[in-house]
Amino acid sequence: MSITRKEELILLSVLNLQENAYLIGIHDHLEEVTGKKVSLTSVHLPLSRLEKAGLIESYFGEATAVRGGRRKKIYKITKDGINELNAHKKINDALWGDYSKLVSR
Amino acid sequence: MQKKEDIPPVVFERLLIRFVADQDKESLTGDFREMFSRISKKKGKWIASGWYIIHLIKLTAVNLFQRFIRSFYMLGNYIKIAFRNIVRHKGHSFINIGGLSIGIACSLLLFIWVYYEFSYDSFHINSSSIYRVVTERTTSETYTTPNTPGAFAPSVKDSYPEVINAARLFFTRFSVKYGEKSSNIYQEMGLFADKSFFNIFTFPLITGDPDIVLTDPNSIVISRKMSENCFGGMDPIGRTLLLNNRQTCIVTGVFENVPDNSHMEFSYILPIERVRENGFDLDDWSRFAFKTYLLLEQDVDFTSFNDKIRNIYDDYSPSGNPRPILQSLEDIHLYHSGTGLIRYLYIFAITGIVVLAIACINFMNLRTASSGKRSIEIGLRKVLGADRTSIVRQFYCETVLISFIAIISAIVITILLLPVFNDLVAKELKAGLLLNKDMFTLIGAIALFTGIAAGSYPALFLSSFQPASVIKGVTKKGGMRAANFRRILVITQFSLSVILIIGSIVITKQLDFINNKNLGFDKENLLLMRMNPRQYESVRNELLKNPSIVNITKTNAPLLWLGYETTGITWEGKGAEEIMTIQLRTVDYDYLETMGMEMKEGRFFQREYAADSSQGFIVNEAAVRIMGIEDPVGSTFAIEGGKRGRIIGVVKDFHHHSMRDKIEPLLLYIHRSWYSNMFVRVAPGKIEEAMALLRTNWEWIDPGYPFQVSFFDERVERMYMEERKAGNILNVFTIMGIFIAALGLYGLASYMAEQRTKEIGIRRVLGAKVSTIVRDLIEEFTKWVLISNAIAWPIAYITVKKWLQNFAYRTTVGPEVFICAGLIMLVTALITVAYRTIKAAAADPVKSLRYE
């Protein structure tokens with residue numbers, strides 16, 4: 001399966017956030033990193049797609065009062081997910097490799 | 001603990017739970033609540049609620065869409081089955097799809113045309129803020145003319161900031177001469193216009209700068225077509241044209257040909273200043289001679305602006321109490337010539353809808369009827385595990401598929417029929433009109449609506465069967481309900497057809513009435529032409545020597561034409577408040593006899609009475625009625641600031657303009673020089689000879705102009721073109737409607753006969769006569785026709801009565817019209833049904849019993 005840029009960002013967020021990788025956590029992280037408004041649904045949909053593809057898996061976390069006693073669904077990257085990211089990184093590195101050298105000239 | 005404001009409304013959460021996939025229910029509601037409380041704290045509960053709703057919709061829309069797509073996993077199978085069914089019942093499918101596509105094609109043709117008429121003048125970029133100013137006057141009745149005085153446009157432009165731009169237009173028909181040869185003359189419509197013309201209207205210039213092309217008083221801007229006609233491929237800029245043999249103009253620009261759907265037609269534009277050479281004053285408030293167009297600011301409410309300028313003419317006190325009225329550019333074409341096109345367009349739009357409805361009903365009917373055959377298939381599907389929704393879906397898929405097939409063939413039919421239809425409506429409609437957003441939406445909507453409407457009954461009804469009883473064929477109760485449903489549909493269809501028939505009978509009748517009504521003069525063997533008044537007398541004497549010409553007279557204006565009118569008249573016993581608008585016609589001594597008119601009282605102008613030419617007036621009966629004079633002959637009469645004298649006679653009312661309107665007051669008098677037209681009365685059967693004579697003398701009759709003579713009966717005919725066109729179209733589409741209805745009836749009858757094959761067989765074996773069985777089958781259809789007539793008559797009666805109100809002189813609508821329409825429907829229905837039923841009844845009973 002090939003993933004989109006957005007999905008790539010979300011996969012990386014899931015990896016970075018660890019325990020905090022639930023919907024709103026990822027959403028906030030993306031907003032912070034990109035500096036742009038991000039819609040909650042536009043995070044939810046890629047997440048379910050990634051989960052269905054087996055690149056991430058989920059488990060239930062704690063329940064807080066602010067959530068009305070409902071548990072968080074926390075995502076964790078799978079082996080396949082790591083492989084996918086590796087493949088992407090390879091492509092990215094190949095393309096970005098000489099970037100700073102070329103630009104600074 | 002959480003504050004109350006931080007908790008989203010319970011309804012929202014319920015909705016969320018309802019629409020979200022199971023595994024996400026808990027976490028998502030939690031996530032949403034967390035986000036909600038965060039937004040609520042920052043921006044308040046309302047914004048948070050808004051956020052919740054928007055994201056709820058976003059989330060569920062995607063979800064529902066996915067579900068919808070997933071639900072069509074059987075789509076391939078449905079389509080396969082649908083095609084198998086179409087192929088298996090070829091005849092039935094043909095009637096089914098054919099009827100529907102013909103119906104849709106008919107309505108598409110009508111819709112294209114109506115759409116085209118409504119598109120008039122919409123090509124101007126500013127079309128919604130351009131207005132034409134017309135003048136409304138109230139005398140005995142209120143009426144409007146499209147003319148305004150020359151000073152009006154500059155005055156409103158200067159005094160009102162709402163007006164961005166204003167232009168005066170003056171239409172004309174000049175002969176245009178180019179090059180040296182005298183044969184290079186042709187007559188074209190053109191106009192004089194203010195410089196602002198190109199800034200108000202969107203007539204793109206091919207060459208020339210719109211801001212300056214009309215600046216030089218000697219300039220002329222011509223159309224692309226005219227440029228090609230006059231100069232071929234050469235560059236027209238800077239070349240000269242001679243107008244009316246005296247005005248020289250230099251071409252400064254070329255504009256793209258005026259589109260067909262423009263209410264103005266012209267081939268060249270001249271600067272407005274040049275109308276002075278034709279005797280018009282541009283700064284004058286009293287002579288209403290110019291068309292005025294205004295471009296208003298986008299956000300100006302034109303009715304309130306209209307109120308502001310309502311009294312603009314009061315300072316100049318012209319007669320007849322004129323008021324300016326703004327008319328939106330896009331309305332001009334639809335409401336032109338007083339009565340307007342619009343009422344016909346409505347008739348046609350409605351006809352289109354009715355024909356479409358008949359076709360759809362047909363389709364629904366046949367689908368419902370034949371769906372009974374599918375009950376075993378449905379039973380099996382259910383046994384094999386299909387749930388109800390999947391069967392509903394299957395039927396919808398199938399009917400929508402069939403209706404899309406029908407739509408596609410309808411579009412093909414439409415394109416093929418367009419040339420024929422163009423002849424019928426005298427338009428140049430192009431198939432390209434189908435290719436726009438509105439039409440696509442319309443076509444898609446028709447297909448979807450027909451599919452869903454036709455599929456609903458079988459889909460919802462058949463899917464509710466118990467599989468066991470369906471397979472056993474126990475569908476009695478449902479069969480009854482289906483039959484009732486069909487009955488209602490057929491009756492609706494017949495009623496619509498009867499209404500169409502009555503409508504076209506009445507329109508045809510009204511047309512005949514108008515054509516055969518006594519006009520008050522003899523329109524046969526009458527020729528009309530323009531002429532040069534200077535040589536009139538000698539021309540007349542010369543022509544009268546020829547036996548083919550009976551009489552000749554001159555006048556200022558053709559008949560069937562409203563133009564020269566005044567309110568500036570006084571008559572004996574006229575009250576201070578009394579006002580009458582009267583049409584002015586200059587005539588000579590031979591007018592009455594040449595035209596074949598009659599006097600009511602008094603006498604016509606006679607050469608023996610010298611005073612007739614200077615002091616005599618003749619009015620028509622309508623004028624006498626309004627003036628209220630007991631004994632008009634001999635009473636004094638005067639044109640203000642003009643001649644005064646006595647009324648010497650009253651001419652019997654004749655139609656001097658359209659028969660749609662009442663006959664207006666008319667004044668006939670002899671004038672020194674105001675003549676421009678000549679009527680020639682030809683001996684019956686000598687038209688050819690007379691035409692040849694006129695042609696040889698043409699150089700003398702109207703020097704400098706091409707030969708142009710019009711037959712007066714043709715002119716009368718042309719006047720009612722719109723009605724004639726409407727009549728033809730309505731007749732054609734009524735026949736189509738009936739044909740489609742008959743097609744459906746045939747299908748239905750054959751289905752019913754098929755269903756009763758066994759019954760008929762048994763009855764035959766037991767000794768029933770063929771005629772008895774046929775009567776039995778036909779009886780039901782007859783009953784339907786009678787019921788639908790009862791429904792249609794009152795509706796049709798009210799509708800036609802209302803339509804006829806548009807005419808001042810109208811035909812009567814007696815019971816024979818309705819009975820006739822009813823009979824047509826009955827006969828059509830019987831013929832259609834009889835063939836099929838006789839075949840069924842006469843079939844070999846042995847075969848019938850073996851059936852199934």
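I began with salt bridges, and over all chains the structure holds 31 of them. I counted one where a side-chain nitrogen of Lys or Arg lies within 4 Å of a carboxyl oxygen of Asp or Glu. This is a predicted model, so I noted its limits: local features need pLDDT of at least 70, side-chain atom pairs count only at pLDDT 80 or more, and totals for chains, interfaces and linings use all residues. Residues are numbered from 1 along each chain as its sequence is written, chains are lettered from A and ligands numbered from 1 in the order in which they are written, and side-chain values use heavy atoms, with hydrogens and water left out.

**Entry: chain B as a whole**

I looked up the elements of chain B and found 28 helices and 24 strands. These are DSSP runs, numbered from the N terminus: helices are H or I with at least four residues, strands E with at least two. Chain B has 852 residues, and 52% of them are buried. Buried means under 20% relative accessible area, exposed over 50%, and partly exposed in between (1.4 Å probe, protein chains only). I then checked contacts, meaning heavy atoms within 4.5 Å. Of those in chain B between residues at least 6 apart in sequence, 78% join residues at least 24 apart.

**Entry: where chain B meets chain A**

How many residues of chain B are in contact with chain A? I found 21, facing 19 residues of chain A. The area buried between the two chains is about 1900 Å², with 57% from carbon and sulfur atoms. Buried area here is the accessible area (1.4 Å probe) that two parts lose on being put together, summed over both. On the chain B side, B:Glu26, B:Asp31 and B:Glu34 lose the most area to chain A, together 28% of what that side buries.

I also counted eleven residue pairs in polar contact between the chains, both residues at pLDDT 80 or more. A polar contact is a pair of N or O atoms within 3.5 Å; within protein, one must be able to donate a hydrogen and the other to accept it, and residues adjacent in sequence count only if both atoms are side-chain atoms. Helices α2 (25–43) and α3 (45–70) of chain B each give two or more residues to the side that touches chain A. The largest share, twelve residues, comes from α2(B).

**Entry: salt bridges across the interface**

The rule finds six between chain B and chain A. I looked at three of them.

- B:Arg38 meets A:Asp28 at 2.6 Å, N to O.
- A:Arg71 pairs with B:Glu26, the closest N and O atoms being 3.0 Å apart. A:Arg71 lies in strand β2 (residues 71–77) of chain A and B:Glu26 in helix α2 of chain B, so the pair joins two chains.
- B:Asp24 meets A:Lys73 at 2.5 Å, N to O. B:Asp24 sits in the loop between α1 (10–19) and α2 of chain B, and A:Lys73 in strand β2 of chain A.

Are B:Asp24 and A:Lys73 buried or exposed? B:Asp24 is buried at 7%, and A:Lys73 is buried at 5%. A network of salt bridges links A:Glu51, A:Lys73 and B:Asp24.

**Entry: B:His333**

Last, I looked up B:His333, in the loop between α10 (329–332) and α11 (342–371) of chain B. B:His333 counts as buried, at 10% relative accessibility. Its side chain makes a polar contact of 2.5 Å with that of B:Glu117. Neighbours within four places in sequence aside, B:His333 is in contact with B:Glu117, B:Tyr120, B:His263 and B:Leu341.
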